[in-house]
Every structure is written in C-alpha cells, then in structure tokens.
Amino acid sequence: MHKSLLASGHSLAQPENQLRFFAEDERFPRFTERLQAATEWPLKPQQLQVFQVNLGKMCNQVCAHCHVDAGPDRKEIMTWETMELCIQAIKNTPSISTVDLTGGAPEMNPHFRPFVEALSQLRKQIIVRCNLTIILANKKYNDLPDFYKQHNCQVVSSLPFYAESRTDKQRGDGVFKKSIEALKLLNKVGYGMEGSGLELHLVYNPAGAFLPPPQEQLKADYKAILQQEYGISFNDLFAITNIPISRYLNYLVKSENYEAYMTKLVNAYNPATLQGLMCRNTISVGWDGYLYDCDFNQMLDLKTASTVQHLSTFDLQALNHRAIQVNQHCFGCTAGSGSSCGGEIA
Amino acid sequence: MSDYYNSKDLHRFGEISTYQKEMGDKFFDWYGEVFKDSALTAKEKSLIALAVSHAVQCPYCIDAYSSTAYEKGYSETQMMEAVHVAAAIKGGAALVHGVQMMNKVEKISM
C-alpha cells in the first residue's frame, strides 16, 4: 500500500507549500479577479445549514486523488471532548439541518458510534461519507449498515466509476470488488431500495486529469450498469470535480497534467455557480476543532477569517460576518456545472 | 516553421475565424450543434468522432476525442475497438479496390 504524502516526506504534504505553489504560478488569472468581476468579492456566507465534521485523517485506503492525504499512517483523530463541542454548537444553531461526517474513514474514529448516537438525538439529517471498503475491513465494521440504518444516516459513498479498472487505478487494487460487495450489504438492509427511506448516494470523481461529464447522463449509465451487472440499487449520483490540492495536485504535477488541468478549470469557470457554492452554507470542522469554510480550505489550513477560528469559541453571529477564504483551488468548484459535496450546483 | 504539428495549436482552433469570421462563426455554430445530445447522445457522438479522427489521421482530433470519449465514460477497450472499426473500414476500403484490380487484369489478360 502507498504512503501518504506526509509519511513519505513530500513537500506538497505541507499546506504552505501548496499555497506557495499557487502564489508563484502566474500562468493563470487569480480566482479573486473572477469574484471581483462578478461583484462577489469578498465572498460572504449565507445561512449556515451544513455542519461538516472531519473525524480524522486515518483511513484504510490511500486513494491517489485524496485531498485529505488520508491513510492508515495518519493518526490525527477527533477526541470525544471536541465531539462534545460539536454537539453543543449544533444544539445552539437551529439553522443547521445537516451534519456531514467525513474523514479519512470516519468510522475508524473510536468515538464514531457514540457520536452518531448523540447526534441522532438532535433530529438533524446525518450524512456519513463511507468509503464502502471499511465495512469489510474488519469484523468490527461488518454491522455498519445496520448501525447506519438504526440512526437513519444518509450514506454517501465514493465509487469513482462503474468499471473495475478505473476505480482501482484511483482507489487501489481490489477496491472495486470490495465496494460492490459493500454496496450489496447496504442494499440488503434497505439502503438505496425504493420505498425504504434509506438514502444511498454514490459519488463519481474523475480518475485522471479531466472534468466530470454531465451528472444526469452519468447517473443513467451508473444505474443501468450497476443494476445489470451486479444487481445494485442506489438513489442519486453526485459528480464531483477533483480539486487541485494535496495528493491530486501532486498527481497533476508529476504526470505533467497540471497546466492543462488548470487551463480546463479556468476556461470552464462559470459565475452561475457562485450562488450555490458549498462554502457559503457550510462550516467545516477539523479533527482538532478548528473551523474552516470548506473541507478543501481545511486541508490547506486556511482557517475561517474571523475572530472565531475554533469550536471552543463558536459564535455564529461573528462567523456570519467573515469573508470566505478563496484561492486558486476554488476554480475547481466553479468549473462547468460546478462542484460540491452534493455534486453539480448550477 | 519547424513544426507541422504543435499540440498547443488545438487550443487556437477558434482563431481560424480571424481570417474569415463569417464562415468561421458558421462552422463553429454548426459544429457545436452537431455534438449536442440529439437522436444520438453526445457520448455516442464522441466515440464516432474518435473513430473518424483516426480515419482522417488528425492528431488534434485524436487528442480532443480521446479525452472526450474517456471523460464521458468509455473504457480503454471500447475506445480501441472504435479505432479498430476505423482501421477496418480504411483497410476494407483499400482491399475492396482489389476487385477493381481483378476486373482490370481479367479484362486485359487472355
């Protein structure tokens, strides 16, 4: 298995080196210029609806495109004390409708289950970003489908493609077969099945240096092929653009695709995506309780530009006055039909 | 003037309108219309375009439609089969002229 960039001592493991890379590259227009042209500078938040929590960087997979640089060698894990701060912030913020749990593999956090149990008392929509293979990684995870069902979690899972070779290129050898097996287990308890009310959504992201095709066309292909070949059902498909940071940035640079990929993103810039950007209705919480505008800013260590930067001083009023931090990676969320954790946005 | 083909020229395709704007504009409008979802999907059209690109041996087109067909979800095997279809038609087109050769030989021989 591959190592994370951090474990292999790669310079792009450090957020400041990624930001320097963007700053020194003068081939592309600045994202801030695009916002200024659209009179959206500074970019301001809208009503906070999504509370996204990164439970840690530990993962059983080492995906080639991972913006978290997650893997088995990452030990950063959210503590129970920080989870309690999350619960308090959610309780105090009625506008939050969704709690979105991500990682790494969030299930690898030893407090994952008690946290979900506590969250389910708050009557919010809970999303678990499950990488599928975790369900089969160890006996102790085999009952996760039942656990998700018990707490009415929405399961959102990456399956970068409906064909084995492309999925395994991105996520590692054998991942496709295990993912199919895990999807069957989720279907078995009702996830993705019509009338069950248990939502199972899949995430497509390109296995290479290109943009996603239109989400609807792709969804039709996924539905047809996964049902025909494997008897698998799911609800929706989210097509997500790879954001040029961390491991994906390293891939682009190493494969000499960076210039062409950034050119594609910049040329596909679509101002109609600005209203629906996820950073405008989301707060992203790091494993250590620090606050960010989105998961990508979190990985670039671009904390909220506010007096409030940590859960311990969570104050929605103050956060609402912040300007959202943007940089060159934001061209990823504004290209074409746009991209968010829920797929296309325009 | 040392390079006949430069991959960066693909991105300058639109500049052909500089010397003849009206015709260029008409071409690009028509081109855009051709590749939209219609009786054939945009995805299906990308695979046809890939095969034709090989038949006309246009490196710019091969670059463009290899990317597009792959992005739209065709597998490596499907794309290579499309190239074989183009090659088979090109090969067949040469070979079917063998009948013309046979006709001529039969006509002039005793």
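**A nonpolar patch on chain B**

Hi everyone, let's start on the surface: B:Val96, B:Val99, B:Met101, B:Met102 and B:Val105 make up a nonpolar patch there, with about 450 Å² of accessible area together. Patches here take residues with over 30% relative accessible area and no salt bridge, joining like charges within 9 Å and nonpolar side chains (Val, Leu, Ile, Met, Phe, Trp, Tyr) within 5 Å. A salt bridge is a side-chain nitrogen of Lys or Arg within 4 Å of a carboxyl oxygen of Asp or Glu, and accessible areas are Shrake-Rupley values with a 1.4 Å probe, where for residues only the protein chains shown count as cover.

A word on the source: this is a predicted model, where local features need pLDDT of at least 70 and side-chain atom pairs count only at pLDDT 80 or more, while totals for chains, interfaces and linings use all residues. Residues are numbered from 1 along each chain as its sequence is written, and side-chain values use heavy atoms, leaving out hydrogens and water.

Now, where does B:Val96 sit? Its place is in helix H4 of chain B, residues 76–108. B:Val96 counts as exposed because its relative accessibility is 52%; the cut-offs are over 50% for exposed, under 20% for buried, and partly exposed in between.

The C-alpha atoms fill a box of roughly 60 × 35 × 35 Å along the principal axes. Of the 110 residues in chain B, 22% count as buried. Thanks, friends!

Definitions and conventions: Chains lettered and ligands numbered in written order. Helix = DSSP H or I, 4+ residues; strand = E, 2+ residues; numbered from the N terminus. Buried < 20%, exposed > 50% of the residue type's maximum accessible area, 1.4 Å probe, protein only.
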